[in-house]
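Please keep the sequence and the model in view while reading.

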Amino acid sequence: MSESIDAFRQRARSWLEANVPAEKTPLEGKPLRDYVLAWQQTQARGGWAGLAWPKEHGGCGLSVLELIVWFEEYARAKAPPVLDASFVGLNHAGPTLIACGTEEQKAFHLPQLLEGRAIWCQGFSEPGSGSDLASLRTRGVVDGDHLVVNGQKIWTSFADTADWQELLVRTDPDAKTSGALSWVICPMDTPGITVRPIQTMAGAHKYCEVFYDDVRIPLSNVVGGLNNGWATAMATLGFERGTASLGIIIANALKVDEMLGDCPASRPQMRARLSQLRVEAAAARAMAYRLALDSEEGVPDARGSMVRLAFAELAQRISAAAIDLYGIASPQVAGYHGWGHEYLDAFSETIAGGTAEIQRNIIGERVLGLPRGPR
Amino acid sequence: MNYELNDDQAGILAGLDQLLAAHAGGPSGEPENFFYGAALDTALAESGFLDIARIDGFGPLDAALVVERLARLPQVVEAAASALIAPLLPLEPGERPLALVSGDATRPARFLPVARHLLVLRQNDALLVSMEGTSIEPVESLMAYPYGRLDSLNGLSAQTLANAVDIRRRWRIALAAEAAGCMAAALDTVIEHVRTRQAFGRPLGAFQAIQHRLAMAAETAESAKWLAFRAAWSDGEADAAIAAGFVQERIARFTYDLHQFSGAMGLTLEFPLHLWTYRLRALAGELGGASMQARAAAQAVWGVA
């Protein structure tokens with residue numbers, strides 16, 4: 001007999017209470033890598049690795065409802081942030097390999113991801129290609145049984161400590177986007193790769209530039225077929241089922257609850273502002289749950305952009321309110337785990353993974369069915 | 001209020017620009033949260049521009065013009081308190097930099113590590129604390145000022161001042177003028193970026209979604225500037241509270257939009273935008289923030305809090 005959802009919640013809660021690390025996440029570099037891998041290893045030992053991954057690939061195969069409950073308990077337990085060095089591997093690269101990878105690729109990489117033995121980073125954006133990803137110029141030229149890559153990627157989070165990269169390169173310069181790109185597994189220790197960390201305004205070396213100078217990658221590392229990289233990249237979206245952001249959305253709502261608790265009665269305007277944010281958090285959460293549950297059996301639709309837009313802009317308003325609530329010089333705001341850092345980091349919410357403007361375009365065109373605007 | 005500069009004001013700004021030309025250029029070396037202009041500070045102190053309000057025939061408006069212009073620089077120097085508040089205090093010209101803190105004297109204060117005096121603004125009075133021979137506990141901050149904090153007032157020479165109302169008014173004018181200069185420089189930086197940065201085959205600035213919000217940002221920056229100058233001109237309670245409250249209320253939206261249109265580049269220290277937006281964020285919280293200024297404005301205009 002299958003476990004009831006209440007029993008599942010209790011099991012998740014008990015396990016998290018016993019296993020969530022007491023130490024805060026390190027800021028960057030090897031300490032961060034070690035911390036993230038150790039936490040993944042702990043989750044794997046506890047049977048909580050690859051929550052949304054199918055069981056035949058070593059995952060938990062949780063239902064959407066179970067995922068929601070897990071993330072509620074995860075946020076409640078103040079477990080390590082989900083949007084960290086393990087995010088690309090578990091939510092992007094792994095699912096892509098499951099959907100499009102060869103048996104050899106899956107057999108080699110999936111266990112490493114689940115068991116916390118490898119960090120992945122993403123090599124999509126370029127200095128001239130952010131929102132307009134299809135214009136990317138990094139070249140891959142077939143030479144025997146290798147792909148020789150030259151070019152530059154940027155905004156690659158955790159490239160300085162990653163083992164592997166999901167790398168999107170142009171392999172047919174004459175073809176349209178749908179037949180021009182290849183998605184390839186790039187070992188980050190290959191000769192010819194140079195990584196330069198970038199100091200972000202939030203204080204950490206969170207992003208990197210990656211330079212490729214005659215980097216030779218075996219053709220057997222191409223995923224989904226040569227010149228078929230656009231379809232491979234898009235396939236991942238069908239797997240995420242809109243659940244990857246649940247942990248962040250739920251955590252935000254809980255943070256507003258805490259802020260409301262900290263707001264004295266002598267500040268009625270601040271209370272009203274926080275109450276409004278709590279309402280908005282509830283709205284974003286409701287929309288995210290609805291979308292996730294709707295996508296149980298199918299591919300998520302463009303409404304995912306509504307969820308993304310709502311929680312990204314909400315996260316910015318919440319961190320701005322926190323600074324006004326506690327004061328810029330307060331202990332709650334100071335330091336790398338304080339709201340000051342979170343406030344600055346939240347600027348990236350409406351840029352990374354598709355800017356707020358791109359999300360609005362998608363909502364206008366694909367959800368509302370309006371005519372496509374000029375690009 | 002006349003919206004055109006008179007000959008004296010035009011002359012002051014031309015002279016200031018000449019001095020600043022020798023200090024042009026952004027920070028060199030590794031990108032940092034902020035860039036303290038030590039050499040510029042010395043040159044300003046010697047030039048007398050920060051004492052303009054003390055000179056017969058000149059006043060707070062001339063000081064605000066100087067403060068607004070200096071706030072546009074990538075480097076940060078203590079100018080607003082020296083130019084607009086110090087003339088109200090028992091300080092000689094050139095006795096600066098001056099750090100400010102409201103309420104508790106041990107709260108972190110901008111410029112305290114380089115300040116000769118700390119002014120503690122309390123509800124009904126103020127304390128002028130000499131920092132001579134005092135060691136300052138530095139405060140690590142992501143905001144773009146050198147911050148420092150006193151352990152306590154014990155053993156420090158402090159003078160109690162009764163003119164808290166005047167100090168608070170000038171502080172509001174000072175922060176409004178400084179914020180207006182930061183906004184102007186930040187907006188210029190982003191306008192240049194969206195003119196040149198291409199996406200989907202054309203400059204970012206060609207997209208209406210971006211144009212509209214930058215137009216709103218320009219409206220904010222322009223309003224902030226003229227409200228600040230008006231407040232400095234009238235030196236009145238209501239104008240000062242309105243100028244400070246307006247700019248503080250707009251800072252969050254303004255900075256988010258400007259960073260948004262700078263893309264990921266705008267999130268790095270290598271793009272100079274943070275040199276102004278970090279200052280704006282710090283200014284947004286001073287003197288209790290926008291809601292406190294709104295209450296003060298209501299009190300000054302209608303006699304209701």
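In chain A, the C-alpha centres of domain 1 and domain 2 lie 25 Å apart. The assignment for chain A, which is an automatic or database domain assignment, gives domain 1 (5-114), domain 2 (120-233) and domain 3 (241-367). This is a predicted model, in which local features need pLDDT of at least 70 and side-chain atom pairs count only at pLDDT 80 or more, while totals for chains, interfaces and linings use all residues. Residues are numbered from 1 along each chain as its sequence is written, and chains are lettered from A and ligands numbered from 1 in the order in which they are written.

The contact between domain 1 and domain 2 of chain A takes 15 residues from domain 1 and 14 residues from domain 2; two residues are in contact if their C-beta atoms, placed from the backbone, lie within 7 Å. On the domain 1 side, the elements that give two or more residues are α2 (29-45) and α4 (87-100) of chain A. Helices here are DSSP runs of H or I with at least four residues, numbered from the N terminus. The largest share of that side, seven residues, comes from α4(A). By class, the domain 1 side has six nonpolar, six polar and three charged residues. In this scheme Ala, Val, Leu, Ile, Met, Phe, Trp, Tyr, Cys and Pro count as nonpolar, Asp, Glu, Lys and Arg as charged, and the others, Gly among them, as polar.

Helix α4 of chain A also holds P95(A). Is P95(A) buried or exposed? P95(A) is buried because 27 other C-beta atoms lie within 10 Å, the cut-offs being 20 or more for buried, 12 or fewer for exposed, and partly exposed in between, with C-beta atoms placed from the backbone.

Between the chains, 28 residues of chain A are in contact with 23 residues of chain B. On the chain A side, α9 (304-326), α10 (339-345) and α11 (356-367) each give two or more residues, and α9(A) gives the most, with four residues. This side divides into 11 nonpolar, 12 polar and five charged residues.

The largest nonpolar core has 205 residues, of which V67(B), A176(B) and A228(B) touch the most other members. Such a core is a set of buried Ala, Val, Leu, Ile, Met, Phe, Trp, Tyr and Cys residues joined through C-beta atoms within 7 Å. Helix α5 (residues 164-196) of chain B gives the most to this core, with 16 residues. Leaving aside neighbours within four places in sequence, the contacts of A228(B) include A64(B), I173(B), A176(B) and A243(B).
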